[in-house]
Amino acid sequence: MFNIFLRPQLSGRFTAFSLIESLGVTTGLSVLTTVIGAFLAFFLGLLASRNLSSGFLSNMIRGLMSFIRAVPTILWVMIFSILIGLGANAAVIGMSFHSIAYLTKVYSESIEEMESGMIESLKACGASWWQIVFQSVLPNCFTTLLSWTFIRFEINFTNAIAVGAAAGAGGLGFQLTMASNFYFDFREIGVMVYMILTIAVLLEFISLKLKEKYIVKT
């Protein structure tokens, strides 16, 4: 612990550029899976919302998403690693799979918290389903959906580090595994830990700014 937190130093096995590049891979993986998850989960969340969809369809989607969420992200990544082989593709599919299930749940619950009168009034005026979505649901739920999406991005960043070595996706997780399990260099581990902490602080700062801009004012 002393070497990790108080004596971080690169010993020559890794360069600063290679670690920054690996951090970029990890961040890119988390961004990609969050975008894929949010895009698909938005439409599934609409169909899973009881105030916008039928009870049968809503229950069916919720049941499927509950099953997917029950399996940890790392297991989904390992399953797809077996099916399509180790690599970034398995990591992207596995992480996106769990992101979709997670975001579908929170999106649908956020939409259901809307005042039913707003939707009913649009229906009474003859508005189509898509008009209700874009004229009522999206404007009223945007800040909440944005907040949940950013929370999922933070989760995906952590997962990207964990699956970097497990799925052979590379990134900082792979470098961290090499430094700890093969080289046993705790000072290099310390450098990587501080890089991860820096990104975590940066994400928290961005989260606060988004809340000030989109959430606090509403």
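Good morning. I begin with a nonpolar surface patch of about 510 Å², formed by Phe39, Leu40, Phe43, Trp130 and Phe134. This is a predicted model, in which local features need pLDDT of at least 70 and side-chain atom pairs count only at pLDDT 80 or more, while totals for chains, interfaces and linings use all residues. Residues are numbered from 1 along each chain as its sequence is written, and side-chain values use heavy atoms, with hydrogens and water left out.

A patch takes residues with over 30% relative accessible area and no salt bridge, joining nonpolar side chains (Val, Leu, Ile, Met, Phe, Trp, Tyr) within 5 Å and like charges within 9 Å. Areas are Shrake-Rupley values with a 1.4 Å probe, and for residues only the protein chains shown count as cover. A salt bridge places a side-chain nitrogen of Lys or Arg within 4 Å of a carboxyl oxygen of Asp or Glu.

Two helices, α2 (16–48) and α7 (129–166), each supply at least two residues of the patch; the largest share, 3 residues, comes from α2. Helices here are DSSP runs (H or I, at least four residues), numbered from the N terminus. Phe134 belongs to α7. Phe134 counts as partly exposed because its relative accessibility is 47%, between the limits of under 20% for buried and over 50% for exposed.

I turn now to the largest pocket. Its lining includes Phe39 and Phe43, both also members of the nonpolar patch. Among the other lining residues are Tyr107, Leu138 and Phe142. The largest share of the lining, 5 residues, comes from α7.

Notes: Buried means under 20% relative accessible area, exposed over 50%, partly exposed in between (1.4 Å probe, protein chains only). On a 1 Å grid over the protein atoms alone, a cavity is a set of points where a 1.4 Å probe fits but cannot get out, and a pocket is an open set with protein on both sides within 12 Å along at least five of seven lines; lining residues have an atom within 4 Å of a point.
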